[in-house]
Amino acid sequence: MFIVDAHEDIAWNILTFDRDYSLAVVETRQRERGMSAPALNGDTLLGWPDYLRGEIAVVFSTLFAAPARRQIGSWDTQFYTTTEQANKIYRNQLDAYFRLTDDHPDKFRLILKRADLDDVLSHWQNPDVDEHPVGLVVLMENAEGVRSPGELDEWYELGVRIIGPAWAGTRFCGGTLEPGPLTSEGYALLDGMADLGFVLDLSHMDEMAALQALDYFPGAIIASHSNAKSLLKDTESNRFLSDDVIHGLIERNGIIGIVPYNPFLDPTWRPSDGRQAITLEHVASQIDHICQLAGSAQHVALGSDFDGGFGLQSVPAEIETIADLQKLTPLLAEKGYTNSPISAIMGENWLSLLRRTLPEEE
Ligand SMILES: [Zn+2]
C-alpha cells in the first residue's frame, strides 16, 4: 500500500543542516552524532532507504522560510526581513530540489505534470524492480516569497504546484499565532493562483482567512498538515482546524493531512512525558474524526511534517522512521476500515488530488 506524505520541509533541512536524504535514517543519525542538528531539530525521521521500506511513493516537499521576528535561533539561516530576501531563499530551496533530483535521479524525481506522476507510480508498481524513485511535488509554505501575483506564472513554470499563503501572519492573511482575515493582497494572490491552477493549502491560515478562502477560491483546496481542534484538550491555538473549516474543506472536496507530531495530538504533552504517552492510536482517532464528519474516507490523509522542527523525540511511540507510518494500516483495520478506505487515507486521496490538478503538459 503506497503512502503519500503531504508535508516535508526537505529543502529547509538540506540548507539548514546539510542533511543528505539519499542516506538512510540510521546513517544520518550516526553522521550527526555530536553535531547540533539533533538537538535543534530532533533525530531525523527521513531518508531514501526508509521511504523505500515504507513505500512512501510521493512527498509534497516544501519551500519554507520564517520571518525574522519568528527566527528560532542564530543557527536558523532560512529567515527573511524583506520580500526580496524571502524570494531569494525560496529560489535557493528550489535549487536544492533541482540538485537533489539531478544528483540522485534513481532516488528522487520532481513531479511537474501528470506523466511524471504516472512514471513514478509505474516504477513502484513494477514487481521486477525493488528500488524506486520518490516523487516530489513542490509546495510553497508561506507565500511571502512571491513578490507579486504577477510572478506566480514563473513559480508555476519552475515547478511549484501548491501554495499555502500563511505560516505566521503574512501580508496575504492571518496565520499561526497571528490571527486575521484575508487582505486585499491575499485575494489578489488567490486570483492569480486560481488562474494558473495552483492548489491552495489552508494549513497555518487563521480560521477567519481559511473560511473566506473556502468561499472565494474556485480551485482545489487542501490542508496539507493540520489536525482537528475539537479532539484536542486545553488549546485555543489557531494552528488547528475548527470543525467549521473541516466541514468547509469537505464541502469543497478538500483533503486534510493529519500530522503525527505529539504536541499536535495532545497539546498537554511534554517531552518529559516520554514518547510512550502518545501512540498511533491518537493519529487513527484524528483520521477517524474527519471520516465521521465527512461520512467517507475521501477527505483525510497524511501530512507528517517530519523533520519540520522536530524529529524522533516528538513523534508517537511506534515511529522510529517514516517507514513506520505503515503501522497505521492495521490500526485502521481494527477500527473497522476496509482495504479501499485505508488505501485512500494512506495515499490514494492525495494521488487523486494530483491527478485532477497536475497539468497534462509542462
Ligand atoms: Zn508548517
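Student: How many of the five residues of strand β7 are buried?
Tutor: This is a predicted model, in which local features need pLDDT of at least 70, side-chain atom pairs count only at pLDDT 80 or more, and totals for chains, interfaces and linings use all residues. Residues are numbered from 1 along each chain as its sequence is written, and side-chain values use heavy atoms, with hydrogens and water left out. Strands are DSSP runs of E with at least two residues, and helices are runs of H or I with at least four, numbered from the N terminus. Buried means under 20% relative accessible area (1.4 Å probe, protein chains only), and in β7, residues 160-164, the buried count is five of five.

Student: Which residue of β7 is the bridge partner of V138?
Tutor: Two strands pair if DSSP finds at least two bridges between them. Strand β6 (residues 134-141) pairs with β7 in the parallel sense over four bridges. The partner of V138 in β7 is V160.

Student: Which residue of β10 is the bridge partner of I162?
Tutor: β7 also pairs with strand β10 (residues 199-201), in the parallel sense over two bridges. Within β10, I162 has as its bridge partner V199.

Student: How far from D9 is the nearest side chain of opposite charge?
Tutor: D9 lies in the loop between β1 (3-8) and α1 (10-17). Asp and Glu count as negative, Lys and Arg as positive, while His and the chain ends are not counted. A salt bridge needs a side-chain nitrogen of Lys or Arg within 4 Å of a carboxyl oxygen of Asp or Glu. D9 is buried without a salt bridge, and the nearest opposite charge, on the side chain of R239, is away by 8.7 Å.

How values were computed:
Buried means under 20% relative accessible area, exposed over 50%, partly exposed in between (1.4 Å probe, protein chains only).
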